[in-house]
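Please read the following points beside the coordinates.

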Amino acid sequence: MGFSEELASITHAKISLDEQMDKHTALRVGGVAKYYAKANSLHGLNQLLETCKSYKKHYKVLGNGTNVLVSDKGFDGLIIDIRPLSDVFFKRDEVRASAGASLEKLIKFAYEHKLSGIEALSGIPATVGGAVVMNAGAFGHNICDYITTVETLCDGKIKFYSKEECKFGYRTSRFLGKKEVIIFASFKLNESEREIIRAGIKTYAELRKSVQPTGSSCGSVFKNPKPSSAGALIERAGLKGFAVGGATVSEKHGNFIITERGASATDVYLLIKYVKEKIKEVFDVDLVEEVEYVGEF
Ligand SMILES: Cc1cc2nc3c(=O)[nH]c(=O)nc-3n(C[C@H](O)[C@H](O)[C@H](O)COP(=O)(O)OP(=O)(O)OC[C@H]3O[C@@H](n4cnc5c(N)ncnc54)[C@H](O)[C@@H]3O)c2cc1C
């Protein structure tokens, strides 16, 4: 049996070939993934990983695809979509979420059970797994502030990491760029009242709406070169509204690139490159991408 046939024989996964990645990424650009699999169970996920290992094929796990730029040349391996693994439940006094659950689902679960803490993360269009890898955060709160443990799958084994072992930093963790797949994260939240939690969610949603543009984007393109902010530098360099093909630096927020219909990943890539060069020239600051490149550029 070849790799495709082996994949097709995995009953706990749904396989497709030459999958258009613009459908699966928030920037709405990018070429095809040669192989694409929705993992419908942990067993299926493990079989996908083992099959890649046996055939020496590379893979990439994606959540909601809100922090990736997939090349127009596509991805020559297997993209694993783990969004079907989306349970959120209690484990003793902690909330345990499967990596494919959306942050929105986690926040709703917390609200329903009168648990507070993660309201500031509402509006981040991430899965739990993607948010853990990136240590997603907003308005001074990061997901790591509420995490107790993370569980991963690697080489057929489940590993447990304490919060300290996760090595969280500003938009990073030990899992970024690694082969280990996050399968669960557990959270310790605080008891509160629904009205208070709801008010918090509303406040953060309004704040987000006031500063962030709508349209297809990947959120912040660059990490903030502390103590400065990437958006402020880009604005001061006069780059707001600057465009390459169908990709434009947002007029509302300098750290957002908005793509229009017909844009390509190359447009986004060249715009990022141009912004970096300009910021280096004007301020002698090296901007570092928060968005991750997938495939060859
Ligand atoms: C409109 C908009 C607003 C945003 N606002 C914010 C914000 O306020 N704060 C913020 O921090 N970010 C923000 N982002 C960026 C993005 O949502 C976050 O980086 C988020 O954490 C990515 O989650 P995801 O599920 O989409 O991950 P993906 O983009 O699918 O993947 C990101 C990385 O995580 C890896 N990954 C995903 N799941 C797993 C897993 N289970 N196991 C191992 N690796 C995995 C991928 O391989 C990839 O390396 C925004 C994006 C958009 C489009």
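Which residues does Thr66 touch, not counting residues up to four places away in sequence? The reply is under point 2, after a remark on the source of the coordinates.

1. Basis of the note. This is a predicted model, in which local features need pLDDT of at least 70 and side-chain atom pairs count only at pLDDT 80 or more, while totals for chains, interfaces and linings use all residues. Residues are numbered from 1 along each chain as its sequence is written, and side-chain values use heavy atoms, with hydrogens and water left out.

2. Thr66. With contact meaning heavy atoms within 4.5 Å, Thr66 touches Ala26, Pro125, Ala126 and Cys218, residues up to four places away in sequence being left out of the count. Thr66 sits in the loop between E3 and strand E4 (68–70), where helices (H or I, at least four residues) and strands (E, at least two) are DSSP runs numbered from the N terminus. Thr248 is 182 residues from Thr66 in sequence, and their C-alpha atoms are 17 Å apart in space.

3. The shell around the ligand. Thr66 is also among the closest of the 34 residues that surround the ligand, together with Val61, Thr127, Gly137 and Glu292; a residue is near a molecule if one of its heavy atoms lies within 4 Å of it. At least two shell residues come from each of strand E3 (59–62), helix H4 (128–134), strand E9 (137–138) and strand E13 (181–187), and H4 gives the largest share, five residues. By residue type the shell divides into 17 nonpolar, twelve polar and five charged residues, on a scheme in which Ala, Val, Leu, Ile, Met, Phe, Trp, Tyr, Cys and Pro count as nonpolar, Asp, Glu, Lys and Arg as charged, and the others, Gly among them, as polar.

4. Domains. The chain is divided into domain 1 (3–81), domain 2 (88–211) and domain 3 (230–294), with bounds from an automatic or database domain assignment. Domain 1 and domain 2 each supply at least three residues of the ligand shell. Their centres, taken over C-alpha atoms, are 24 Å apart, and 13 residues of domain 1 are in contact with eleven residues of domain 2. Between them the two domains bury about 1000 Å², 62% of it on carbon and sulfur atoms, where buried area is the accessible area (1.4 Å probe) lost on putting the two parts together, summed over both. Leu42, Tyr59 and Asn64 supply 38% of the area that domain 1 buries against domain 2, more than any other three residues.

5. Backbone details to check. Most residues other than glycine have a negative phi, and most peptide bonds are trans. Asn135, in the loop between H4 and E9, has a positive phi of about 45° although it is not a glycine. A cis peptide bond with omega of about 10° joins Lys226 and Pro227, and Pro227 is placed in the loop between helix H5 (194–211) and helix H6 (230–236).
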